[in-house]
Amino acid sequence: MAKHIRFGTDGWRAIIAQDFTFQNVARCAQGLADYLKARGTAHRGLVVGYDTRFLSREFAESVACVCAGNGILVYLSEKTAPTPVMSFNVLHRHAAGAAIITASHNPAVWNGFKFKSEYGGSATQEITDQLEAAIRDIGGVRTMPLERARDEGLVTLFDPDPPYLEGISGLVDLGAIRDAGLRVVVDAMFGAGGGYFPALLAGGRTSMEEMHGQPNPAFPGMDQPEPIAHNLRQLIDRIKAEGASVGLALDGDADRIGVVDEGGRFVTTQEVFALLALYLLEQRGQRGPLVKGVTSSMMLNKLGQQFGVDVHETRIGFKYIGPKMSQVNALLGGEESGGFAFRGHLPERDGILSGLYFLEYLAQTGKSVSQILEHLFER
């Protein structure tokens, strides 16, 4: 039993059956219930979701049972879903937050417990400090069998996709992407993001092929479901063999994006961050501050100077980047790991929306990935 459960840059993560046990997950849930009651927000209910990892659904049900045992209404996802999808449902349902069982990009033996606050973003350091204290100080775990909780209306199963898909459809010109005639290959990395790009972009001249779209908690053929070059050899080889326009890859909970150009070159996350900023500032003509983690590229500072927008630098992690975005009404925020957030959506990383904006850049300009990269470096 873990002596101390500590939240890192985005939640608590541990090795399954070593520290990530049903007992410790129940402790997290009880501490979260106590925290919400102390804040006076428990009456708003809690969204609970999970990814494709081993036992994630069962761990999420355990969270739901504990919260129900504390009299808190739970909206429990009926399916695996990306972290940004669950975060969006916090806002859609005006809930007190979301508990999500996911270890994001960690290897298969890991799982994790993320808490998204009432604003749909990562919990701040202040919040995680309070959560850690609440978990440490629990007097005991109060729980309720799932079937009884459902019968009493304390746990409601729901499909998290419709409000999210409607929300991002209002941000991106999906019709332009569908009609652009692109050849897109998506690697869902056996994670929670499988099926989303095909569902959003089917039915036009653009072809959309998906790899590794079926859940597999072992994440075969990769060190971990992280969209970086050495995990994307199959995607890179397929781009080269088929002459595709672009490759996109999502991490295990689909809050991060990886990009491969038409020649099979992995586009670094620093370049993707700068390209997204350039697209919003130049092509879309939008204005607003940029927020970046301390390890992000100076290209963003140079773009900020050229377009007359402020660039704010924070510590690493969206527990710092997200609140800063809200404070300054930022246009775009991100970090070097490939997680990006956008104004008008969530103060939180979203790999699906990041990929859609990238495809929209290609569709609106008619340029290839290598051509927009060349334009970026010219700027």
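This is a predicted model: local features need pLDDT of at least 70, side-chain atom pairs count only at pLDDT 80 or more; totals for chains, interfaces and linings use all residues.
**Exercise 1. Carry out the steps of Exercise 1 for H212.**

Solution. H212 belongs to the loop between β8 (207–211) and α9 (233–242). Its phi is positive too, near 55°, and H212 is a residue other than glycine. For accessibility, H212 has a relative value of 17% and therefore counts as buried.

**Exercise 2. Check the span of helix α1 and find what its buried residues pack against.**

Solution. Begin with the length: α1 covers residues 22–39, which makes 18 residues. At 1.5 Å a residue, the helix should span 26 Å, and because its end C-alpha atoms are 26 Å apart, the expectation and the model agree. Then list the buried positions, among them N24, V25, R27, C28, L32, Y35 and L36. For partners, the buried residues of α1 pack against strands β1 (12–15), β2 (46–50), β4 (98–101) and β5 (110–116), together with helices α2 (56–69) and α4 (125–136). Past the end of the helix, α1 is followed by G40, with a positive phi near 80°.

**Exercise 3. Decide whether C65 and C67 are in a disulfide or in none.**

Solution. A disulfide is a covalent bond between the sulfur atoms of two cysteines. The cut-off to apply is a sulfur pair within 2.5 Å. The structure as a whole holds zero disulfides. For C65, the nearest cysteine sulfur is that of C67, 9.5 Å away, and C65 is in no disulfide. Likewise, C67 is in no disulfide, its nearest cysteine sulfur being that of C65. As for accessibility, C65 counts as buried at 11%, and C67 counts as buried at 0%.

**Exercise 4. Find the largest cavity and sort its lining by class.**

Solution. A search of the whole structure turns up one cavity of 30 Å³ or more. The largest cavity holds about 40 Å³ of space. Its lining consists of F7, G8, T9, D10, G11, F115, S122, A123, T128 and K319. Sorted by class, the lining has three nonpolar, five polar and two charged residues.

Key: Residues are numbered from 1 along each chain as its sequence is written. Side-chain values use heavy atoms; hydrogens and water are left out. Helices (H or I, at least four residues) and strands (E, at least two) are DSSP runs, numbered from the N terminus. The expected span of a helix is 1.5 Å times one less than its number of residues. Buried means under 20% relative accessible area, exposed over 50%, partly exposed in between (1.4 Å probe, protein chains only). Contact means heavy atoms within 4.5 Å. On a 1 Å grid over the protein atoms alone, a cavity is a set of points where a 1.4 Å probe fits but cannot get out, and a pocket is an open set with protein on both sides within 12 Å along at least five of seven lines; lining residues have an atom within 4 Å of a point. Grid points are joined across faces, edges and corners, and a volume is the space filled by probe spheres set on the points. Ala, Val, Leu, Ile, Met, Phe, Trp, Tyr, Cys and Pro count as nonpolar, Asp, Glu, Lys and Arg as charged, and the others, Gly among them, as polar.
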